[in-house]
Amino acid sequence: MLSNSLVELDRAHLIHPVASWRGHEAAGVRILSSGKGAVVRDATGRELIDGFAGLWCVNAGYGQESVVAAATEQMRDLCYATGYFGIGSDPAIRLAARLADHAPGDLNHVYFTLGGSDAVDSTVRFVRYYWHSRGKPQKDQFITLEYGYHGSSTVGAGLTALPAFHAGFGVPYDWQHKIPSPYPYRNPLGSDVEAMIAQSKAQLLAKIEELGGADRVAAFYAEPIQGSGGVIVPPKGWLKAMRDLCAKNDILFVADEVITAFGRTGPLFACSEEGIVPDMITTAKGLTSAYVPMGAVFMSEHVYQTIADGAGQAAVGHGYTYSAHPVSAAVGLAVLDLYEGSLLDNGRRMGDRLQAGLQSLSDHPLVGDVRGRGMLAAIELVTDKDKKTQLPAASLPATRIFERAWEAGLVARAFAWGVIGYAPPLCCTEAEIDAIVERTRIVLDQTLEDPDVR
Ligand code: PMP
């Protein structure tokens, strides 16, 4: 009864992100009411394993009492302190210091935002400011990857490579450029790591040339694993090769770790296991495990000092009311305690189990590729394994895949082109990981019988 009236109210008043508005009106909302660990409960009381941690963000799992207590206490003590006018708060300062300690290399400076999109936006401004400070304002061209996702602000949407984020919105801007993604499954060189890396390097150099040389190029952005593009895992060594190529050409390298950081692929930062130190890293999601919104930009000593020197006594005019929000920071500290406790280790063990479990589905007639690292994974479905034919009928089978998974008691992401994405909470148990795999098998078998998948 209550849930029926909520469905109507939702239809009438709540606009949903990245949705077909008409499609959503027709389908109606699925309301989640509570969660504990890796399990969420819908408004009818049905329990599902959240194999996607909300939106790759509830890394610590639902209902962590220490996080709830930290937020409550901070709200009681001091609900807000601005970062403007030289003011600060205890949790924000301590969180910045602890995170800087964990961040790769000399990424010692932290700028807190509200989420990932404004973290990316902030880096675009910092990159521009940096080149002004170095007396090279003509370095104003940005390069990202096809299949890349860098948020939904207008600037970020232009860096993003998903067509739905461009059409009708007037982006990408003419200073935003893409090069092909390192997508092993769909690249004829896919099994040759060295050849793929050489190809990407050549593509980046060609793009730099096309834009008038390195003296025009400000920055290159890459996700260590491309998330929203379909969990595309570049070959080992690719990230380092691209980072080095940027350094050689005096181009800033920004790693967008909004998905990959905070244990998603194993360590707190995916860049650490790649052995690279970018000029800046963007994060969000797992930073607060999504209990409250927060993002962060990590900035190298060199970039920070250059911008600070360039500005001198003038303000670096970039900020939000909720930059370094004390409640978000208190949550961040509590979540960091969990990571430093047993959570990262559990995530690593469960990640191995998840990858092995999904690999065991490889012989299914619909499974073309299984890929991922740690608690980030995907399977790509095809109707012909030799030809790697994508699922037909655009997004229809994908929508059905999502619905079938839900019916089987699993929340998983179904990408429009037939990729199923996984990013479970790091607190999953072995039984929950096994259930994710088994429920996926049910979905695959049902999808094989779908008359549109032929
Ligand atoms: N960058 C990446 C790599 C992302 O995956 C996302 C969100 N999925 C963003 C930026 C944007 O983050 P938000 O949705 O918090 O604005």
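**Entry 1: ground rules.** I count residues from 1 along each chain as its sequence is written. Because the model is predicted, I take local features only at pLDDT of at least 70 and side-chain atom pairs only at pLDDT 80 or more, while totals for chains, interfaces and linings use all residues. Helices (H or I, at least four residues) and strands (E, at least two) are DSSP runs, numbered from the N terminus.

**Entry 2: the seven-stranded sheet.** I looked up the strand order. Seven strands form an open sheet, S4-S10-S9-S8-S7-S5-S6, and the pairing is mixed. Two strands pair if DSSP finds at least two bridges between them. Strand S4 (109-113) and strand S6 (176-179) are the edge strands, and each pairs on one side only. Neighbouring strands are turned by 20° against each other on average, direction ignored. For such angles, axes are lines fitted to C-alpha atoms, for helices over the stretch in contact, and values run from 0 to 180 degrees between N-to-C directions.

**Entry 3: pairs inside that sheet.** In general, strands of a sheet pair through backbone hydrogen bonds, either parallel or antiparallel.
- Strand S5 (residues 141-145) and strand S7 (residues 217-222) are parallel, over three bridges. Isoleucine 143 has phenylalanine 220 in S7 as its bridge partner.
- S7 and S8 are also joined in the parallel sense, by four bridges. Alanine 219 has leucine 252 in S8 as its bridge partner. From S7 the chain passes through helix H9 (residues 238-248) to S8, and this β-α-β crossover is right-handed. Right-handed means that, with the strands pointing away from the viewer, the path from the first strand over the helix to the second runs clockwise.
- S8 and S9 run parallel, with three bridges between them. Valine 254 stands opposite methionine 280 in S9.

**Entry 4: cover on the sheet.** Is S8 buried or exposed? Five of its five residues are buried. Buried means 20 or more other C-beta atoms within 10 Å of the residue's own, exposed means 12 or fewer, and partly exposed is in between, with C-beta atoms placed from the backbone. Leu252, Val254 and Asp256 are on one side of S8, with Phe253 and Ala255 on the other.

Which helices did I find against the strands? Helix H8 (residues 193-210) lies across S5, S6 and S7, at about 150° to S6. H6 packs on the sheet too, touching S4, S7, strand S8 (252-256), strand S9 (280-283) and strand S10 (295-299). The direction of H6 makes about 25° with that of S10. Contact between two residues means C-beta atoms, placed from the backbone, within 7 Å.

**Entry 5: the ligand shell.** How many residues surround the ligand? I find 14, and the closest are Gly115, Gly116, Ser117, Gly151 and Val258. A residue is near a molecule if its C-beta atom, placed from the backbone, lies within 6 Å of it. Helix H6 (residues 116-133) gives the largest share of this shell, three residues. The shell divides into five nonpolar, seven polar and two charged residues. Ala, Val, Leu, Ile, Met, Phe, Trp, Tyr, Cys and Pro count as nonpolar, Asp, Glu, Lys and Arg as charged, and the others, Gly among them, as polar.

**Entry 6: the four-stranded sheet.** This open sheet has the order S1-S2-S3-S14, with mixed pairing. Strand S1 (32-36) and strand S14 (410-411) each have a single partner strand, so one side of each is left without a neighbour in the sheet. S1 and strand S2 (residues 39-42) are antiparallel over four bridges. Glycine 35 has valine 40 in S2 as its bridge partner.

Alanine 38 sits in the loop between S1 and S2. I count alanine 38 as buried because it has 25 C-beta neighbours inside 10 Å. Its contacts beyond four places in sequence include Ile49, Asp50, Pro424 and Cys427.

Entry 7: Most residues other than glycine have a negative phi, and most peptide bonds are trans.
- The bond from valine 171 to proline 172 is cis, with omega near 5°. Proline 172 lies in the loop between helix H7 (154-159) and S6.
- Tyrosine 147 has a positive phi, near 70°. Its place is the loop between S5 and H7. Tyrosine 147 is buried, with 22 other C-beta atoms within 10 Å.
- Lysine 285 has a positive phi, near 35°. Lysine 285 is in the loop between S9 and S10. With 28 other C-beta atoms within 10 Å, lysine 285 is buried.
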